[in-house]
Amino acid sequence: MVVIGAGHAGVQVADGLRAGGHVGPVALVGDEPVLPYQRPPLSKEYLSPTRTPATPHLRARQYFADHRIDLHTGVTATGLGRPSRTVRLSDGRELPYDVLVLATGAANRTLAVPGSDLAGIHTLRTLGDADTLRSALSQSRAVLVVGAGFIGLEFAAAARKQGLRTTVLEAADRPLGRALSAEMAAHLTAAHRMAGTDLRLGEAVARFTGDGGRVNGAISTTGVRYQADLVVVGIGVVPRVELAVQAGLPVADGIVVDEYLRTADSAVYAVGDCANHPNVHAGVRMRVESVQNATDQALHVASTILGGTDAYADLPWFWSHQGELKLQIAGVRRPDDESVVTGDPDAGRFSVCCYRRGRLVAVESLNRPADHVAARRVLTAGRSPEPGQLRDPGFSLKEFARETVAAR
């Protein structure tokens, strides 16, 4: 068994194979020269200047030795030989495989505007990125974040917490436009602004300005100049599909897989951010960029390789901590879904329940963890309260979930 990619998905595939009883060789290939690590903390607590952060390793080094997982770090898979079932590595070696799992993840989108090559302009994806930014924050006065997605807003909250003047430019008319309802997006906009972030919507970067080869600001598409000695660009990601393309596997916004997460080659699977799969909850093909998806797909593939016959059908869920804002999402919404708000938006503790043709399909919860847990139970069970029930002040999603579990 060979797994390409040593992030959340890759490590979980290897772990799932061993936990499921596989005794043959398992190789795990990662292109970063460090032990596999968690990504979510990198845009949050890892940036804190108040203490030296511990590296958020997924497993200790001894784990890989104890479980006989052959870990290759600091090397890149450069090609697949599907007829010979071999993987070529950048150090010249070849790894044979019976089954191959592509857990190659995604890479940050680049911002192609004049001045984008100036020093002081960063992205945030890897541990190395986070280490560089943590050091840069301690020497900065004004921060500009390009993109109001999850990473952009999380980083902005971390910079603001350190007392830095923080501006966010978002080209769309609301933050997290593809991921969130209009109601939740509007609340987050107001909350970030109230906390001190200068969040500008409908405004993108036209060019960066610099002095001596280092960034000192940006000119927006509206002609406004913003000062900044530190810039973070967070405008989304693209799936890493190079190996699949080279090997002649179908690709369409990710590596195309079936309901078992298998590619067109029955010996090759793809999981996590790089995999485009038929999602039963959304009713369409899609990529899901979350730790939950990476972990659950990895465990499912390990089970399938070892003889499991179920299609992948786990409920997608997400979380984002933006300072004091704890956002959790269960399910997948669409732009035309109906929204019903429950809880107390004025107190910053509420949920937005998204309905499609009268059926609950997603729940966004802000500082309401009990609602999130309940939503995951309800959506997994395929149950749905009526929209009118949610408008009753006495309705509790937690109680509805409890009744749902009891009924089963």
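Mentor: Start with glutamine 322. Glutamine 322 has a relative accessible area of 1%, so it counts as buried, the cut-off being under 20%. Keep in mind that the model is predicted.

Where does glutamine 322 sit? Its element is strand E22, residues 317-322. What does glutamine 322 touch, once neighbours within four places in sequence are set aside? The contacts are Phe150, Leu153, Glu154, Ala157, Leu176, Leu188 and His192.

Now the annotation. An unreviewed UniProt entry places the feature "domain: Reductase C-terminal" at residues 317-400.

Step out to the cores. In general, nonpolar side chains of soluble globular proteins tend to be buried together. Here the largest nonpolar core has 52 residues. Ile4, Val87, Leu100 and Leu102 touch the most other members of that core. Take leucine 100. Leaving out residues up to four places away in sequence, leucine 100 touches Val2, Ile4, Leu80, Val87, Ala267, Val268 and Tyr269. There is also a second, separate core, with 41 residues. Among its members are Leu164, Leu230, Ala282 and Val288.

Next, a helix pair. Two packed helices are described by the angle and the distance between their axes. Helix H1 covers residues 8-19, and helix H7 covers residues 291-305. They pack at an angle of about 30 degrees, with axes 8 Å apart. The H1 and H7 crossing is right-handed. From H1, the contact uses His8, Ala9, Gln12, Val13, Gly16 and Leu17. From H7, Val291, Ala294, Thr295, Ala298, Leu299, Ala302 and Ile305 take part.

Then the strands. Which strands make up the open sheet of three? They are ordered E18-E20-E21, with mixed pairing. Strand E18 (255-256) and strand E21 (284-286) are the edges, each pairing on one side only. E18 runs parallel to strand E20 (residues 275-279), and two bridges link them. Valine 256 has asparagine 276 of E20 as its bridge partner.

A hairpin comes next. Strand E13 (residues 205-211) and strand E14 (residues 214-220) are antiparallel and share six bridges. Arginine 207 faces isoleucine 219 of E14. Two residues separate the strands of this E13 and E14 hairpin. Glycine 212, in the turn, has a positive phi of about 65 degrees.

Arginine 68 has a phi near 50 degrees. Arginine 68 belongs to the loop between helix H2 (61-66) and strand E3 (69-73). Is arginine 68 buried or partly exposed? Its relative accessibility is 48%, so arginine 68 counts as partly exposed. Leucine 261 also has a positive phi, near 70 degrees. Leucine 261 is in the loop between E18 and strand E19 (268-270). The relative accessibility of leucine 261 is 0%, so this residue counts as buried.

Back to the start. Glutamine 322 is buried, and its contacts include Glu154 and His192.

Note on methods
Residues are numbered from 1 along each chain as its sequence is written. This is a predicted model: local features need pLDDT of at least 70, side-chain atom pairs count only at pLDDT 80 or more; totals for chains, interfaces and linings use all residues. Side-chain values use heavy atoms; hydrogens and water are left out. A nonpolar core is a set of buried Ala, Val, Leu, Ile, Met, Phe, Trp, Tyr and Cys residues joined through side-chain atoms within 4.5 Å. Buried means under 20% relative accessible area, exposed over 50%, partly exposed in between (1.4 Å probe, protein chains only). Contact means heavy atoms within 4.5 Å. Two strands pair if DSSP finds at least two bridges between them. Helices (H or I, at least four residues) and strands (E, at least two) are DSSP runs, numbered from the N terminus. UniProt positions are given in the numbering used here, feature names are shortened, and annotations may be inferred rather than shown by experiment. Axes are lines fitted to C-alpha atoms, for helices over the stretch in contact, and angles run from 0 to 180 degrees between N-to-C directions. A crossing is left-handed if the near helix is turned anticlockwise from the far one by less than a right angle, and right-handed if clockwise.
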